[in-house]
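Subject: Structure handover

Hello,

Here is the structure I promised to pass on. Please open it first; my notes on what was found follow below.

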There are 2 protein chains.
Amino acid sequence: MSFRLYDSARRQIVPFEPLRAGEVSIYHCGLTVQSAPHLGHIRKEVVFDVLRRWLTYSGLSVTVVANVTDIDDKILEKSAEAGVPWYAHAYRFERELHTAYSALGCLPPTYEPRATGHIPEMLELTAVLIERGHAYVAADGSGDVYFDVRSWPTYGELSGQRVDEMEAAADADPRGKRDPRDFALWKGHKPGEPVTASWPSPWGRGRPGWHLECSAMAGKYLGTEFDIHGGGIDLKFPHHENELAQSRAAGHPFARHWMHNAWVTAAGEKMSKSLGNGALVSEVVKTYPARAVRLYLLAPHYRSAIEFSDTSLTEATAQLARIDTFLERGTAELGPMIDPATTSAPALPDAFADAMDDDLGTPGAMAVLFDTLKDGNKAADAGDEATFASAHRAVLAMLGVLGLDPAAPEWADAHAADDLRPVVDGLVTALLEQRQQARTRKDWSAADAIRDHLAAIGLKVTDTPTGPRWSLEN
Amino acid sequence: MSFRLYDSARRQIVPFEPLRAGEVSIYHCGLTVQSAPHLGHIRKEVVFDVLRRWLTYSGLSVTVVANVTDIDDKILEKSAEAGVPWYAHAYRFERELHTAYSALGCLPPTYEPRATGHIPEMLELTAVLIERGHAYVAADGSGDVYFDVRSWPTYGELSGQRVDEMEAAADADPRGKRDPRDFALWKGHKPGEPVTASWPSPWGRGRPGWHLECSAMAGKYLGTEFDIHGGGIDLKFPHHENELAQSRAAGHPFARHWMHNAWVTAAGEKMSKSLGNGALVSEVVKTYPARAVRLYLLAPHYRSAIEFSDTSLTEATAQLARIDTFLERGTAELGPMIDPATTSAPALPDAFADAMDDDLGTPGAMAVLFDTLKDGNKAADAGDEATFASAHRAVLAMLGVLGLDPAAPEWADAHAADDLRPVVDGLVTALLEQRQQARTRKDWSAADAIRDHLAAIGLKVTDTPTGPRWSLEN
């Protein structure tokens, strides 16, 4: 296995060593489905989608579990504001999340558990922690159960903090806690909260704490030890720190590698709904092609922040157009030489693989992509079909790994316009024939009128050996 | 409330009397997500989608809960055959179900609970039934818990059967049962079944019985009494009979009305995966426009079987084309007279409302739709714009109720081709201009060549006062 990644726990790039040869198990924390996903949320989906594609390409059998947190304080608050049941609120945004990640070409996870669907597993884990002396029932009669951070000597190891220097945990009334940093595993039902948002437990009716959910779900679907745990960098503390502590305290080795992607920022601040600076995925894809948005999110390294910028999205759109023009040129000029049915398996450039193996280095990988594309175009200009065809295959293979191959099934929806393409082809051919006839009869004004018409429509027509090709100008 | 429906429990058409004025709560049994949905599955979604739309239009606030059964014997079998975990198998087909019902313009339910997410609720219900003497732990040590049908005097009331005449329940080994008709509420874990498919219970690890799931989920989200319980007619017995018995035996009044839709048949047999006669939704919508498939499923009354037929689907496609041509003609000829921003609320014909109020009589409602359309076209031919506009508004309102309005958000995906439509408009205009100039200069062969070109492309062009309009011929 030549893949290396930056392990957030060890704070260095380490060789990736799967628990079971030939397999990899990945858990990444999905959204708390309280509002519509913005670019900051979806960056995580895109990053882990490329990780999964790269490991699959590298020959591993990949299992991905990404949860949906469908109960928490914010969901209860926001659904009450909206006047809908909390579960209907959560379900609505779960669907919006699906729409957003599908729109950006992310493959669905192997499984997507909902937190509220795993109460028995969470109760079992909590009972184990109490039994082992790492959790306790709050002394204030609230029905809360807390993790006892002082009981776990390595608490703070993931985020590199010492307990004494940490801030108090945000959840709940501190009166029942032994230490303000103790965090809730189980939250006793409060008067005024919906009864449907509480479940019976040995400690009274209540609902799970956020951190507990992911430990229980990761453990159920990936086992007590698994390969990679991921999420946005904002989850490293306290969420992942707490997951790690409670899982290890329960006797589970838990994740072998931790991987965190950086934020999307707007004016330097983390993009977030509450700051009102969130660019909703559903809005962005109205302005820019979805594949361009994906390319934009993959252009920087996943551990670098991305400052939201229309300029960069416009650049990504132009880069995407270069890619698609190159692909179409290949289809038009190479024909059977690039027919997947007759050509051998695509050759991924070594430099691309090296970049991806080096902590999912998409910036280096994209540089290889665009260099190959440039060389391919040069070869095409020079009539060197063999080199052009080889570059074309390589570009398609790289696009496949990056999830940007326009012919892949995940982009099928983007092709609903395909029915009209042959119509446009036919009309353009007919018009060009009219223009040719006008030229033949030296009717320059008619020929010019046709040219002007095409320009006014926004159609750019290029003559090629195989006939005219058209593209839409923006 | 003027809505009447056939109540499968009372076996007659009854006035619909909502439990709470102005509200209606509907539960319908979703798929066991073991394979890709076919037309037979999706008919239920379309029927209950129209029910929901009609009650919403009638001024009620509608809550719809439709579950997903994500664990059962078949899911365990089929996932094992496919070599994937049962939950990944279920999740894959849950997503295919979403794709299928969205493709046919069905609005998502208010909530879509998964069976495995409601183990605590099922355990509570089972405990109540044991306590009340209506359920017992199997005597054979299997860990199964059965409902005691002899303990419930009205067992059989929904399907109109006497217990002594019923067949034995299909589930599990009969050795632990008091009566062969007793059905499983809880199934003890069997060696060889995945541990992840079992949960702790007071009776040992196990998994829920199918019937229990729906009683628990309906009760949680809609309360112990709710308005309408629906599903395919094949669910009436044993599934709904058993739901009813166990819910009432637990002290819940349960559903006030029962509504069952008939099958889609193929060569007279119920369409089903196992018979190999299932027309997959994903395939059918490749051949026929999705809205035509929806129209086809709504043309017969929901309690009549639909024999699968390409002829009928082709007819539905032609009917849809008539509708769309009518709508486009209105847009082209009426302009601001039908602008939603300036016209008053659409008037739904009384005859349409009467048909819908009479047990969701879509055949009668569609007859009104096509009569109105015909009258509208006649008025348009006669230059009677006021009548045309009024018919146009009425048709749009009826299409909205039936979920067939092409401008509604649920059909937005079908409009991905819209970007190319103005291009085709521009090209057609340019070509017709060339044809006109050819005629002016008496160049008949050029004019004919353009006409032939348009025909070869499959474009039908009609001259209208506001310019040429084109449509694609199939």
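I start with a sheet in chain A. Strands β5, β6, β7 and β8 of chain A, in that order, make up an open four-stranded sheet with antiparallel pairing. Helices (H or I, at least four residues) and strands (E, at least two) are DSSP runs, numbered from the N terminus; two strands pair if DSSP finds at least two bridges between them. At the edges stand β5 (135–137) and β8 (206–208) of chain A, each of which pairs on one side only. On average, neighbouring strands of this sheet are turned by 20° against each other, direction ignored.

Before going further, a note on the source: this is a predicted model, in which local features need pLDDT of at least 70 and side-chain atom pairs count only at pLDDT 80 or more, while totals for chains, interfaces and linings use all residues. Residues are numbered from 1 along each chain as its sequence is written, and chains are lettered from A and ligands numbered from 1 in the order in which they are written.

Back to the sheet. α4(A) packs on it, touching β5, β6 (145–147), β7 and β8 of chain A, and the direction of α4(A) makes about 100° with that of β5(A). Axes here are lines fitted to C-alpha atoms, for helices over the stretch in contact, and angles run from 0 to 180 degrees between N-to-C directions. Contact between two residues requires that their C-beta atoms, placed from the backbone, lie within 7 Å.

Strand β7 (residues 183–188) of chain A is joined to β8(A) by three bridges in the antiparallel sense, with Gly188(A) opposite Gly206(A). Three bridges also join β7(A) to β6(A), again antiparallel, and there Phe147(A) stands opposite Phe183(A). β7(A) is mostly covered, with six of its six residues buried. Buried means that 20 or more other C-beta atoms lie within 10 Å of the residue's own, with C-beta atoms placed from the backbone; exposed means 12 or fewer, and partly exposed is in between.

In helix α2 (residues 73–82) of chain B, the residues Ile75(B), Leu76(B) and Ser79(B) are buried. Seen down the axis of α2(B), these buried residues fall within an arc of 100°, so they line one face of the helix; the arc is that of the directions from the helix axis to the C-beta atoms. Their cover includes α3 (86–103) of chain B. After α2(B) comes Gly83(B), with a positive phi near 70°.

Chain B also holds an open sheet of three strands in the order β12-β11-β13, with mixed pairing. β11 (residues 264–266) of chain B and β13(B) pair in the parallel sense over two bridges, and Val264(B) stands opposite Ile306(B).

Finally, the two chains together. 39 residues of chain A are in contact with 39 residues of chain B. On the side of chain A that touches chain B, α13(A) gives the largest share, nine residues. That side divides into 24 nonpolar, eight polar and seven charged residues; Ala, Val, Leu, Ile, Met, Phe, Trp, Tyr, Cys and Pro count as nonpolar, Asp, Glu, Lys and Arg as charged, and the others, Gly among them, as polar.

Regards
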